[in-house]
Amino acid sequence: MASSQMVLCKEHLQCSICEEDFLNPVSLPCAHKFCKVCIEVHWDMKHVCECPRCKQTFPKRPDLHIDRNFAEITEQFKRRKLSSPEECSSKPGDVPCDVCTGRKLGAVKSCLVCLASYCETHIQPHYQAAAFKRHRLIDPVDKLEDKLCQKHEKLLELFCRTDQTCVCQFCTETDHRTHSTVTLEEECRDRKAQVLKTKAEVQQMIQERLGKVEEIKYSLELSTVSPAGVLLSSSVWGITGL
């Protein structure tokens with residue numbers, strides 16, 4: 001029963017467009033929720049403001065505001081799921097907790113200040129102690145030390161679009177001072193939007209090609225029942241009879 005409830009919750013806490021955990025969830029007037037970037041790209045491609053789930057249309061594009069309360073619920077669900085008995089032990093491909101001794105539990109967060117990853121138990125001081133309030137937590141990342149700038153030994157938390165590479169804050173003040181740089185989150189969001197747009201364009205192209213195939217089939221069917229087609233068939237039948 002518990003596993004079925006987990007599956008049910010997972011279905012409700014994932015975007016139905018990208019089929020992944022919600023990223024900046026927004027609510028439509030019909031109450032259905034989607035990732036903000038997913039629904040924006042969906043509307044840009046469809047040229048109509050319609051809910052992908054219930055098909056309700058809106059006369060004008062609704063103002064989209066991130067549902068902070070729901071975002072916190074999805075975050076709590078992910079933490080609870082990772083701390084459940086079935087999920088807590090570190091498995092191949094998981095990021096192990098850097099503090100656990102003996103059996104390593106799966107990490108639920110990585111700290112960009114501590115450069116360490118923590119399980120549900122060992123991450124609690126970051127939520128409760130004032131000394132950790134300024135620490136920046138992200139989804140678990142393995143080998144955080146590899147994410148450091150080799151030149152400045154600072155975290156690679158920015159992306160240089162000019163050189164297409166990850167850089168640290170000091171890089172933007174020296175070698176990449178005149179380059180176009182954005183946060184990794186912004187670059188990730190933009191690339192996700194581009195992937196969704198490309199996927200929609202490919203699907204549209206496939207539908208157009210299928211439409212052309214149906215037109216050709218229809219033309220062939222018409223040619224077999226046209227007067228010329230009947231005449232040709234009669235002639236062939238007559239020759240065969242002779």
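The largest nonpolar core has 24 residues, of which Cys15, Leu28, Cys38, Ile39, Trp43 and Phe58 touch the most other members. A nonpolar core is a set of buried Ala, Val, Leu, Ile, Met, Phe, Trp, Tyr and Cys residues joined through side-chain atoms within 4.5 Å; buried means under 20% relative accessible area, exposed over 50%, and partly exposed in between (1.4 Å probe, protein chains only). The model is predicted: local features need pLDDT of at least 70, side-chain atom pairs count only at pLDDT 80 or more, and totals for chains, interfaces and linings use all residues. Residues are numbered from 1 along each chain as its sequence is written, and side-chain values use heavy atoms, with hydrogens and water left out.

- A second, separate core of six residues includes Leu158, Val167, Cys168 and Cys171.

**Contacts of Trp43**
- Beyond neighbours within four places in sequence, Trp43 is in contact (heavy atoms within 4.5 Å) with Leu28, Val48, Cys49, Glu50, Phe58, Arg61, Pro62 and Leu64.

**Helix α6**
- Lys192 lies in helix α6 and counts as buried, at 17% relative accessibility.
- Not counting residues up to four places away in sequence, Lys192 touches Cys18, Glu20, Leu23, Cys35, Val37 and Cys38.
- Ile206 is also placed in helix α6 (residues 184-225) and is partly exposed, with a relative accessible area of 41%.

How values were computed:
Helices (H or I, at least four residues) and strands (E, at least two) are DSSP runs, numbered from the N terminus.
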